[in-house]
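Hi everyone, thanks for having me. Let's look at one protein chain together, step by step. Here it is on the screen.

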Amino acid sequence: MTVSDEVLDVLGSVNGSLRQMYGLVQRLCKGTPDTEAAMSELERRKNELWDRLTLLRDEMRRDLGITSSTSRPEPL
């Protein structure tokens, strides 16, 4: 698959978010001592992930030239 540098940058931030969430889930599965804090952190990261996925979708649409918006959102 070929992607532009702009799409690749946003994709990298999505991938990073997913890796961090996976690490939290693994700690929860192993029985972290502070489950409540880990769940709160997971919820926060989930919300950030949705924002990053929206940015990725928008950047991909811009890259393909199928959106009317030409402005780039501020990165997270």
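I'll begin with contacts. Among contacts in the protein chain with a separation of 6 or more, 56% are between residues 24 or more positions apart. Please keep in mind that this is a predicted model.

So what is the secondary structure of the chain? It comes to two helices and zero strands.

Let's turn to helix 2, which covers residues 35–64. Why does its length make sense? At 1.5 Å a residue, its 30 residues should span 44 Å, and the end C-alpha atoms are 43 Å apart, so the two values agree. Just after helix 2 comes Gly 65, which takes a positive phi of about 75°.

Now, which residues of helix 2 are buried? The list is Ala 38, Leu 42, Arg 45, Leu 49, Arg 52, Leu 55, Leu 56, Glu 59 and Arg 62.

The largest nonpolar core has nine residues: Val 7, Val 10, Val 14, Met 21, Leu 24, Leu 42, Leu 49, Leu 55 and Leu 56.

Finally, the chain as a whole. Of its 76 residues, 22% count as buried. The accessible surface comes to about 5,700 Å², and carbon and sulfur atoms hold 54% of that surface.

Technical notes. Residues are numbered from 1 along each chain as its sequence is written. This is a predicted model: local features need pLDDT of at least 70, side-chain atom pairs count only at pLDDT 80 or more; totals for chains, interfaces and linings use all residues. Side-chain values use heavy atoms; hydrogens and water are left out. Helices (H or I, at least four residues) and strands (E, at least two) are DSSP runs, numbered from the N terminus. The expected span of a helix is 1.5 Å times one less than its number of residues. Buried means under 20% relative accessible area, exposed over 50%, partly exposed in between (1.4 Å probe, protein chains only). Contact means heavy atoms within 4.5 Å. Accessible areas come from the Shrake-Rupley method with a 1.4 Å probe; for residues, only the protein chains shown count as cover. A nonpolar core is a set of buried Ala, Val, Leu, Ile, Met, Phe, Trp, Tyr and Cys residues joined through side-chain atoms within 4.5 Å.
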